[in-house]
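Here's a quick briefing to read with the structure open. Have a look at the fold first, then work through the notes by topic.

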Amino acid sequence: MTSNGGAETSPRYAWPDDLTMIPDWVYTDQAVYEREVERIFHGRTWNCVALEAEIPNAGDFIRSHVGPTPVVVARAKDDSINVFENRCVHRASEFCRELSGTANEFVCPYHQWTYDLKGNLIGVPFRRGVGGKGGMPADFKPLEHSLRRLKVTSHRGVVFASYADDIESFADYLGPDVLREFEATFDGRKLKVLGHYRHSLPGNWKLYHENLKDPYHATLLHTFLVTFGLLVVGNRSLMLTDASGRHGVMASAKSDAKAISGDAKKEMRSFKEGLTLRDSRLMDFVDEFDSPWSVTMATIWPNLIVQREMNTLGIRQIVPTGPHEFIMKWTMFGFEGDDEAMTRHRLRQGNLMGPAGYLGLEDNEAIKFVQDGMQHVPSGTHLVKLDPQTPAGTADTLISEAAIRAMYKHWRHAMDL
Amino acid sequence: MLDSPNAMANDRRIEALLLHRELEEFNNAYAAALDEQRLNDWAEMFTDDAFYVVISRENADRGMPVGLIYCENKAMILDRAFAHTKTAMFAPRYLRHIVGNLQMLGEEPNGDIRARANYVVVQVLFDRPDAKLHQVGVYYDKFRRSGDQLKLAERRCVYDNLLVDNALCLPV
C-alpha cells in the first residue's frame with residue numbers, strides 16, 4: 001500500500017480464503033479507506049453529483065461531493081455543467097458555503113479570489129501589489145491556477161463526474177444490462193425534484209451497496225413488507241450484476257400475498273395472515289414504466305443508488321467520511337407531467353424509504369449493527385456463502401449473495417488487495 | 001358595568017391565557033406519549049383528516065414537499081403507530097421530547113387554532129454512552145376543538161438539523 005508501505009505483503013491485509021468470506025479490515029481499516037478514496041472515488045469511476053433538474057438555469061449551482069471531497073456543480077452561461085473542487089487554489093478554503101443557489105461567479109470570502117462558473121480563476125485582489133510593493137510574482141498566470149476541474153457527463157438528466165480524464169463513456173461504464181435498467185427509470189421524461197433526505201450512517205460505505213446486492217435480507221429484515229404480504233420469497237425477482245461485478249440491480253415484481261406457499265410462510269417468522277393497512281394507498285402501484293419490474297434498486301459503483309420503489313423515486317449519493325461512517329444524500333423526484341394526485345402518491349409512498357421509512361430505517365439500523373459487530377474483534381471474518389451455484393454474478397433467486405461476491409471480485413482488482 | 005370595554009378586553013385576555021395553557025398541556029401530553037412510546041395514544045391526538053409531516057427545514061424553506069414521515073390522514077398515522085410498534089426493527093432507546101416557546105398565531109376561517117412551538121428531541125441509545133440531540137425544530141400546528149377535547153388537525157414538524165443521525169425510529 002502506498003500510504004503505509006508493505007500492505008500487499010502484510011498478513012494484516014490477507015484475504016482469508018475465497019470470495020465466500022470477507023475479512024473485517026475491508027470495512028474498518030483507515031489505510032484501506034484512504035486507498036479507496038484514491039483508487040476508487042478519485043480513480044476511474046463515474047460519481048453521481050447532481051440531477052440536472054437541481055440546476056436548471058445558467059448560474060445555478062449546488063454543493064456536492066466526489067467521495068469525501070467537496071465539489072461545486074454549476075451550470076455556466078453556455079449551458080455547460082461544470083464540476084470543480086470546492087477549495088480555493090490560494091489557501092484551500094472551502095469557499096462555497098450555500099447548499100444551493102444562483103451566482104455569476106464564486107468569490108472566496110477569505111481573500112476574495114474570484115472564479116467563474118467553470119472554475120477559472122478570474123480575479124486576484126492586489127495582484128500587482130500596492131505602490132510597486134508586494135503582490136503576486138510577475139509571472140503568475142491566473143489561467144494556470146483554475147480550480148481542480150473534473151470530467152463531467154450527463155445521462156437522462158443525471159450528472160456524473162470523474163477525476164479520470166481518460167475514463168470510458170457512461171454507457172460503456174454501466175454495460176448494456178445495467179444501462180437498460182437505468183434508462184427504464186430515467187425514461188426520458190423531465191425530472192422534477194421533490195426534496196431531499198440527508199442522514200449520517202455509522203457504518204462502512206460498502207455495506208450500503210451490499211445491502212442492495214443482498215436480496216436475502218429483504219424478506220427477513222423488512223417485517224413490514226412481509227406482515228402485509230407485500231414482498232415474499234415467492235415473488236418474481238432478479239439480482240443482476242454487470243460484467244465487471246461492480247454495478248447491480250435488485251429487481252422484483254409485486255405479486256398477490258395469496259400466492260405465497262405454506263413452506264415460505266413457515267420460514268418467515270413475521271408473516272401474519274390477514275393484516276392490512278388502514279390506508280392501503282401506500283402500496284398502490286401505478287404502472288408507469290416500460291419494465292417487467294415494479295421495484296428496482298440499482299447500485300451504480302461507487303456512490304449512486306437509483307431507487308424505483310414502485311412510484312417513489314430517488315437517487316441516493318454516498319459520501320464516505322471515514323471507514324466507520326458515511327453520509328447519504330437522497331434526492332427524491334417525480335416527473336414534470338405529474339398531476340397533483342400523482343405527486344401526492346409519490347410522497348405518500350415515500351413513507352417506505354428514507355431515514356424514517358418503514359424499510360429505510362431498518363436498513364440503516366442493520367448496517368450500524370454490522371459495523372458495531374466488526375469493531376473490536378481482531379482478525380474477524382464473515383460469510384457470504386449463499387447460492388454457491390453462482391460463484392459471482394447475476395442470480396435469479398433471492399436467496400443469494402452472488403452479487404456481493406461479484407462486487408468484491410471487482411473491489412479486490414481495483415484496490416490490488 | 002359587566003360588559004364595559006375594559007371587562008370585555010379582560011375576558012378576551014383570560015380566554016387567550018386559558019387557551020394558551022390548554023395548548024401547553026396538550027403539548028406536554030403529546031411529548032409524554034412519545035417519550036413513553038405509547039404510539040396509539042399519540043395517534044389518537046389527531047383528527048380523522050389530520051395532516052402530519054416531519055420535514056427538513058432545507059425542504060420546507062425551498063417549498064419542496066418531501067417529508068421523513070408523510071401522513072395525509074389519521075389512518076396513515078395509525079399505520080405508522082402500528083408499524084413502529086409491531087413491525088419495525090430498531091435498537092432500543094430512550095427519547096425525551098421537550099416542547100416550549102408556544103405562540104398562538106390566530107384562527108383559521110373554520111375555527112382551527114394556529115400555533116407554533118419549538119421542540120427538541122434527545123435520544124439515548126442503550127449501547128452508546130451519551131444522550132444526543134436528535135432533532136431540533138418547530139411544530140407548525142392547527143388545533144381543532146372536538147367536543148371537550150383538543151385535537152391536532154395539522155402538525156408540521158420542521159427540523160433544523162441538516163443530517164438525521166442514522167434513522168428516525170419514532171415519530172416527533
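How many bridges join strand β14 (residues 248-252) of chain A to β15(A), and do they run parallel or antiparallel? There are five, and the two strands run antiparallel. Keep in mind that this is a predicted model.

- β15(A) spans residues 295-300 and is mostly covered, with six of its six residues buried.
- In a regular strand, side chains alternate between the two faces of the sheet.
- You can see that here: V295(A), M297(A) and T299(A) point one way, T296(A), A298(A) and I300(A) point the other way, and all are buried.

**Where chain A meets chain B**
- The contact draws 33 residues from chain A and 30 residues from chain B.
- On the chain B side, the elements giving two or more residues are β1 (46-56), α3 (57-61), β2, α4 (74-87) and β7 (164-165).
- α4(B) gives the most to that side, with six residues.
- By type, the chain B side splits into 21 nonpolar, five polar and four charged residues.
- Strand pairing crosses between the chains too: β12(A) and β7(B) run parallel, joined by two bridges, and H199(A) stands opposite V164(B).
- Helix α9 of chain A (residues 340-349) has H345(A), R346(A), L347(A), R348(A) and Q349(A) buried.
- The buried residues of α9(A) pack against β12 (191-201), β17 (312-322) and β18 (325-335) of chain A, along with β2 (69-71) of chain B.

**The open sheet of chain B**
- Six strands make up this open sheet, in the order β2-β1-β6-β5-β4-β3, with mixed pairing.
- β2(B) and β3(B) (93-107) are the edge strands with a single partner strand each, so one side of each has no neighbour in the sheet.
- On average, neighbouring strands are turned by 25° against each other, direction ignored.
- β1(B) and β2(B) pair antiparallel over three bridges, and V54(B) has I69(B) as its bridge partner.
- Helix α1(B) (residues 5-35) packs on the sheet, touching β3, β4, β5 and β6 of chain B, and its direction makes about 160° with that of β3(B).
- α4(B) packs on the sheet as well, touching β1 and β2 of chain B, at about 65° to the direction of β1(B).

Conventions. Residues numbered from 1 in each chain as written. Chains lettered and ligands numbered in written order. Predicted model: local features only at pLDDT ≥ 70, side-chain atom pairs only at ≥ 80, totals over all residues. Buried ≥ 20, exposed ≤ 12 C-beta atoms within 10 Å, placed from the backbone. Helix = DSSP H or I, 4+ residues; strand = E, 2+ residues; numbered from the N terminus. Contact = placed C-beta atoms within 7 Å. Nonpolar A, V, L, I, M, F, W, Y, C, P; charged D, E, K, R; others polar. Pairing = 2+ DSSP bridges. Axes fitted to C-alpha atoms, helices over the stretch in contact; angles between N-to-C directions.
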